[in-house]
Amino acid sequence: MADFVELWVYLSATPLFGLTATLVVYLLAQAFYLRMGAAPWANPVLWSVVALAVLLTGTGVSYPSYFSGAQFIHFLLGPAVVALAWPLWQRRAELRARGVRLLLAALLGGGAASASAVGLAWALGLPHEVVLSMAPKSVTAPVAMGIADKLGGVPALSAVFAVLTGMVGALTGKYLFDLLRVPPAGLGWTARGFALGTASHGIGAARALQVDADAGAYAGLALGLQVVLAALLMPLAFRLF
């Protein structure tokens, strides 16, 4: 016990704590996810966030101290996103054939996601800054923060909305697709993946990759399209309207 306490004191005072805690918690969450038969509610990202939040709160470790070690994993997010291009390269022929339809679907899907969020926030009478912060909620968090800043919203709020949107999509997507009778086979996987990437960005794409290779590839494509389209068109649209 004394050795464990000494180890804990040492780790909590060094950057190794953030890295070690993140890896251990995620591996345990992933094992639980597989044990539960890959059920959407057992999403390892969700439970890793919950477990780490409880751990940091319970031990009194500040977030900056934690992130000083976890930033190495944060850095790997960049290469991980770039790696999503490989499944797309493998399917380049079918993507060229479906290019126009996919671009149209991305425009309509992204527009619907933004308009519904803004409309709901406006109907609820939320402050103007919060309404603007809701607009890029289906774009991956770093880009959503930049867009919100351009629109006059609150970047931190946009990041929260984006993460929540991704979590909700990853947890509920399967049940919604089943309800809509989108088949988990053939073209159904591409439709599921593209819809999940459009509405729930990186977290949704990660869920799609866990389920099916085609779904993951199209989710990655949708994620990239939303980043480009939202960054280019959303500030212009809000300036005009």
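**Helices, cores and a pocket in a predicted model**

G119 sits in helix α8, where helices are DSSP runs of H or I with at least four residues, numbered from the N terminus. Before I go on, this is a predicted model, in which local features need pLDDT of at least 70 and side-chain atom pairs count only at pLDDT 80 or more, while totals for chains, interfaces and linings use all residues. Residues are numbered from 1 along each chain as its sequence is written, and side-chain values use heavy atoms, with hydrogens and water left out.

Back to G119. At a relative accessible area of 32%, G119 is partly exposed, because that class lies between buried, under 20%, and exposed, over 50%, with a 1.4 Å probe and protein chains only.

Now the helix itself. Helix α8 covers residues 99–123, and its 25 residues should span 36 Å at 1.5 Å a residue; the expected span is 1.5 Å times one less than the number of residues. The end C-alpha atoms are 36 Å apart, so the two values agree. The buried residues of α8 are L102, A106, G110, A113, S114, A117, V118 and A121. An α-helix has 3.6 residues a turn, so residues three or four places apart point the same way. Covering the buried residues of α8 are, among others, α7 (92–97), α9 (128–134), α12 (187–211) and α13 (213–240); contact here means heavy atoms within 4.5 Å. Just after α8, G125 has a positive phi of about 75 degrees.

Next, the cores. A nonpolar core is a set of buried Ala, Val, Leu, Ile, Met, Phe, Trp, Tyr and Cys residues joined through side-chain atoms within 4.5 Å. The largest one has 17 residues, and M134, A135, I147, L151, A230 and M234 touch the most other members. Helices α8, α9, α10 (141–151), α11 (155–179) and α13 each supply at least two residues of this core. Apart from it lies another core, of eleven residues, including L88, L95, A106 and L229. Taking L151 as an example, and leaving aside neighbours within four places in sequence, L151 is in contact with L132, A135, M234, P235 and F238.

S200 is in helix α12 and is buried, at a relative accessible area of 2%. Which residues does S200 touch, not counting those up to four places away in sequence? They are T165, G166, G169 and A170. The C-alpha atoms of S200 and G166 are separated by 4.1 Å, although the residues are 34 apart along the chain.

I203 is also found in helix α12, and at 17% relative accessibility I203 counts as buried. Beyond its neighbours within four places in sequence, I203 is in contact with V163, G166, M167 and A170.

Q210 is partly exposed, with a relative accessible area of 34%. Not counting residues up to four places away in sequence, Q210 touches Y26, Q30, Y33 and P44. Q210 and A38 are 172 residues apart in sequence, and their C-alpha atoms are 8.5 Å apart.

A38 lies in the loop between α2 and α3. Its phi is near 60 degrees, a positive value in a residue other than glycine. At 30% relative accessibility, A38 counts as partly exposed. R181 also has a positive phi, about 60 degrees, and is not a glycine. R181 lies in the loop between α11 and α12 and is exposed, with a relative accessible area of 76%.

Helix α3 gets the span check too. Its 16 residues, 44–59, should span 22 Å at 1.5 Å a residue, and the end C-alpha atoms are 22 Å apart, which agrees. The buried residues of α3 are P44, L46, S48, L52 and L56. Their cover includes α2 (16–35), α4 (63–75), α11 and α12.

Last, the pocket. On a 1 Å grid over the protein atoms alone, a pocket is an open set of points where a 1.4 Å probe fits, with protein on both sides within 12 Å along at least five of seven lines; lining residues have an atom within 4 Å of a point. The largest pocket has a volume of about 1800 Å³, volume being the space filled by probe spheres set on the points, which are joined across faces, edges and corners. It has 43 lining residues, and V45, I73, H74, L77 and I203 are the closest to its centre. By class, the lining has 34 nonpolar, nine polar and no charged residues. Ala, Val, Leu, Ile, Met, Phe, Trp, Tyr, Cys and Pro count as nonpolar, Asp, Glu, Lys and Arg as charged, and the others, Gly among them, as polar.
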